[in-house]
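Hello,

Here is the structure I promised to pass on. Have a look at it first, and then read my notes below.

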Amino acid sequence: MTGEEIKSTLTSYNLQSWSKQRGLNPIPVVKGEGIYFWDDQGNRYTDMSSQLVNMNLGFGNKAIGDAIKKQVDQYCFISPSYGAESRAKLAKKIVELMPDNMGKAFFTNAGADANENAVKMARMFTGKNKIFSRYRSYHGSSFGAGNLTGEPRRYPLEPGIPGFVKFFDPYLYREAICFESEEAATAYYIRKLEEQIQYEGPDSIAAIVMETVTGSNGVIIPPKGYMPGVRALCDQYGILMICDEVMTGWGRTGKLFGFENFDVKPDIVTFAKGVTCGYIPLGGCVVSKEIAAYFDDHLLSCGLTYSGHPLACAAGIACVEYYEEAHILDNVVAVGKVLGEKLEEMKAAHPSVGDVRYIGLFSAVELVKDKVTKEPLVPYGRDPEGVMGKIIGMLKEKGFMTYSHENMILIAPPLIITKEQLIEELAKLDEVLDNVDRKIS
């Protein structure tokens with residue numbers, strides 16, 4: 001098919017996610033290599049969001065491709081009850097990479113059903129029904145994960161499932177209180193969370209679910225002591241701590257898993273995205289030894305036709321081994337340092353940049369109309385004039401491909417990006433921010 005035929009057929013027969021369908025103009029992608037991809041006209045684009053923060057190793061990773069081909073030649077599928085070598089090896093490898101309290105892995109198809117199964121396991125294990133999650137969170141858009149989600153993408157699912165309770169994130173930039181330190185902020189947020197636990201009834205709360213670092217809703221990094229504070233509350237009240245590592249897992253923050261930055265051991269960890277870098281869909285959750293032992297004698301009422309799909313697990317083994325052999329974490333730390341420095345320079349230089357947040361190669365630029373009042377460039381949950389879409393369009397014209405959410409631009413390039421490539425791309429963002437500055441002046 002020609003590029004025009006691809007676009008025409010897609011817009012005629014395919015519903016594109018998170019979009020009004022009229023006027024869509026998808027780029028016909030014909031080639032991808034490393035951090036770049038090309039359209040049918042030969043135009044090159046730089047993937048500065050790792051697609052949907054999943055293609056950590058970029059396009060064309062030969063090790064993953066070869067592993068998939070080898071598994072295809074053996075067999076493509078066998079149901080979850082049979083012994084598949086790739087399933088066994090990947091489960092063992094993932095558990096061994098986790099903290100010493102973790103016991104077994106359950107495989108799913110993606111992040112949403114990983115989170116849903118984590119919630120089911122928490123309810124079965126504890127015998128309690130309520131699940132706490134945060135307002136500025138995204139855990140998936142299927143019905144269960146969508147109820148776990150706190151931001152506006154949950155609205156079409158309402159009225160929702162009973163027992164899902166929301167609490168506020170430690171979002172210091174937008175907090176009405178001016179704290180003297182991160183530790184002071186942590187003390188406040190932990191006190192408020194404990195108060196809410198008491199009001200909801202600790203004996204009814206099965207789990208607290210958090211993105212370790214809030215992802216698409218702004219790369220909101222927890223203040224010092226916050227995660228250990230939540231861990232302590234969970235221990236005090238008999239509540240499970242579930243860390244959603246769908247975005248932060250597999251090296252994105254400079255550690256293999258995001259929670260390693262905060263000195264905590266969760267009870268359940270969910271993952272997806274970077275475990276195969278999107279080459280084949282795969283997700284899962286890892287449970288503690290205590291939870292795993294519980295299901296030795298109690299029915300695990302969870303199941304999926306494609307749980308531990310052999311092709312996906314083969315891709316996962318190759319992907320995880322590549323992280324180790326290519327020293328990807330070292331690159332994330334080194335290039336992430338440059339990313340942080342450049343973003344701080346942009347924050348100082350541009351009136352439109354209210355805040356920048358970054359950890360490893362996971363970052364967000366928050367745009368405002370006024371730095372003093374912190375008025376966001378677009379109001380929460382609404383962008384009637386398509387302002388953010390126009391900004392993303394300006395970046396697209398320069399070949400800088402990413403996405404926005406609320407008043408923020410996400411920057412999360414593949415973990416293989418070099419310092420030179422990063423600096424080249426951030427210069428494009430700098431130019432676009434000049435344009436945004438002029439529009440708000």
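The second largest pocket holds about 420 Å³ of space. A pocket here is an open set of points on a 1 Å grid over the protein atoms alone, where a 1.4 Å probe fits, with protein on both sides within 12 Å along at least five of seven lines; lining residues have an atom within 4 Å of a point. Points are joined across faces, edges and corners, and the volume is the space filled by probe spheres set on them.

This is a predicted model, in which local features need pLDDT of at least 70 and side-chain atom pairs count only at pLDDT 80 or more, while totals for chains, interfaces and linings use all residues. Residues are numbered from 1 along each chain as its sequence is written, and side-chain values use heavy atoms, without hydrogens and water.

Back to that pocket: 22 residues line it, and Lys104, Ala105, Phe106, Phe107 and Leu300 lie nearest its centre. Strand S4 gives the largest share of the lining, five residues. (Helices, H or I of at least four residues, and strands, E of at least two, are DSSP runs numbered from the N terminus.)

There is also an open sheet of four strands, antiparallel in its pairing, in the order S11-S12-S15-S14; two strands pair if DSSP finds at least two bridges between them. Its edge strands, S11 (353–359) and S14 (404–405), each pair on one side only. S14 is joined to S15 (residues 408–411) by two bridges, and His405 stands opposite Met408.

Best wishes
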